[in-house]
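Please read this briefing alongside the sequence and the coordinates.

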Amino acid sequence: MCHRSVGLVQGVVEASGIPTVTISMRPDVTYGVKVPRAAYARFPHGNPFGEPYRPEQHHLVFEALLRLLEQATAPTFVELPFRWRRWKQWL
Amino acid sequence: MKPIPLEPLDTTELQQKYDDWIVFVERSHHGSNPRINPGDAFTPLSKPLSQSRVALVTTAGAHLVDQTPFHVETVAGDPTHRILPDDLDPSDLRFTHTHYDTAPANQDPNCVFPIDRLHELVERGRLGAASPVHVGMMGFNPDPSPIQDDLAPRVAGILADAEVDVAIMVPG
């Protein structure tokens, strides 16, 4: 539901004239809500930029969002090639 | 740092999964309705990112320790926002949200609210400036109407007043 809420805010902000991009851990919800730019990360909820105290990982995600902003010329949804190696701690 | 590839997402089954999720949400939460965006909004960058002012906008329940926490005990949700000044002390950030594990965010806010990363990108010249204000919200809102009708326009106004060029949107 976090994804729907942030997606609805994103839609209005984009329509107001400010370019936006989102990271998503729920591609179905982000896709269904319809946003201009989104990147799917196979990360757990609560970790959209990665793990605590992993600045280099946060920067990889942040940079991907920035390049999506620079490259997209129409509504675009991409997937980031990350896998979460510590899933079991979330299950 | 080698940039990671941006591969198009296979969206084949996503609409069906979304439709199934909406059915689930409407069954399990009173007051829900299937609000979505018109889907046609697309605003190109007006200037290079190295000259752009960037804001963080999150529904991960981010607020400062001295701000009222979000209501998370009601089924109605909490369609309010908190202003997060850019010069905040990250150790003052709190994440109040009961629908995801907030432990990592409360350990290192940059997991969901990458304020230190934003400042580093400005220092490196990748981004022009950080917005003087960022926005925290709490995303558990079964009824999306007040989000779309009231909260979102308020947030857009805050960003416009701050002369923000780009907004990074982050769910929890």
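Strand S1 (residues 20-24) of chain A and S8(B) run parallel and are joined by three bridges; strands, of at least two residues (E), and helices, of at least four (H or I), are DSSP runs numbered from the N terminus, and two strands pair if DSSP finds at least two bridges between them. The bridge partner of A:Thr20 in S8(B) is B:Ala167. This is a predicted model, in which local features need pLDDT of at least 70 and side-chain atom pairs count only at pLDDT 80 or more, while totals for chains, interfaces and linings use all residues. Residues are numbered from 1 along each chain as its sequence is written, and chains are lettered from A and ligands numbered from 1 in the order in which they are written.

**Contact between the chains**
- 65 residues of chain B are in contact with 65 residues of chain A, where contact puts the C-beta atoms, placed from the backbone, within 7 Å.
- On chain B, the elements giving two or more residues to this side are strand S1 (7-8), helix H1 (14-28), helix H2 (103-107), helix H3 (115-123), helix H4 (145-161) and strand S8 (166-170).
- H4(B) gives the most to the side of chain B that touches chain A, with nine residues.
- That side of chain B divides into 44 nonpolar, 14 polar and seven charged residues; Ala, Val, Leu, Ile, Met, Phe, Trp, Tyr, Cys and Pro count as nonpolar, Asp, Glu, Lys and Arg as charged, and the others, Gly among them, as polar.

**Strand S2 of chain B**
- S2(B) and S8(B) run parallel with five bridges, and B:Val57 stands opposite B:Met169 in S8(B).
- Two bridges link S2(B) in parallel to strand S7 (residues 133-137) of chain B, where B:Val57 stands opposite B:Val135.
- Strand S6 (residues 129-130) of chain B is also parallel to S2(B), over two bridges, and B:Val54 has B:Ala130 as its bridge partner there.
- Leaving aside neighbours within four places in sequence, the contacts of B:Val57 include A:Val9, B:His134, B:Val155 and B:Ala167.

- Helix H3 (residues 55-71) of chain A has 17 residues and reaches 24 Å from first C-alpha to last, close to the 24 Å expected (1.5 Å times one less than the number of residues).
- Its buried residues include A:His58, A:Phe62, A:Leu65 and A:Leu69.
- The cover over the buried residues of H3(A) includes S1, strand S2 (37-40) and strand S3 (76-79) of chain A, and H3 and S8 of chain B.

**Chain B as a whole**
- Chain B has four helices and eight strands, in the order β-α-β-β-β-β-α-α-β-β-α-β from the N terminus.
- The radius of gyration of chain B is 17 Å, close to the 16 Å of the globule rule for 172 residues, so chain B is as compact as a globular protein of that length; the radius is taken over C-alpha atoms, and the rule is 2.2 Å times the number of residues to the power 0.38.
- Of the 172 residues of chain B, 40% count as buried.

Definitions and conventions
Contact = placed C-beta atoms within 7 Å. Buried ≥ 20, exposed ≤ 12 C-beta atoms within 10 Å, placed from the backbone.
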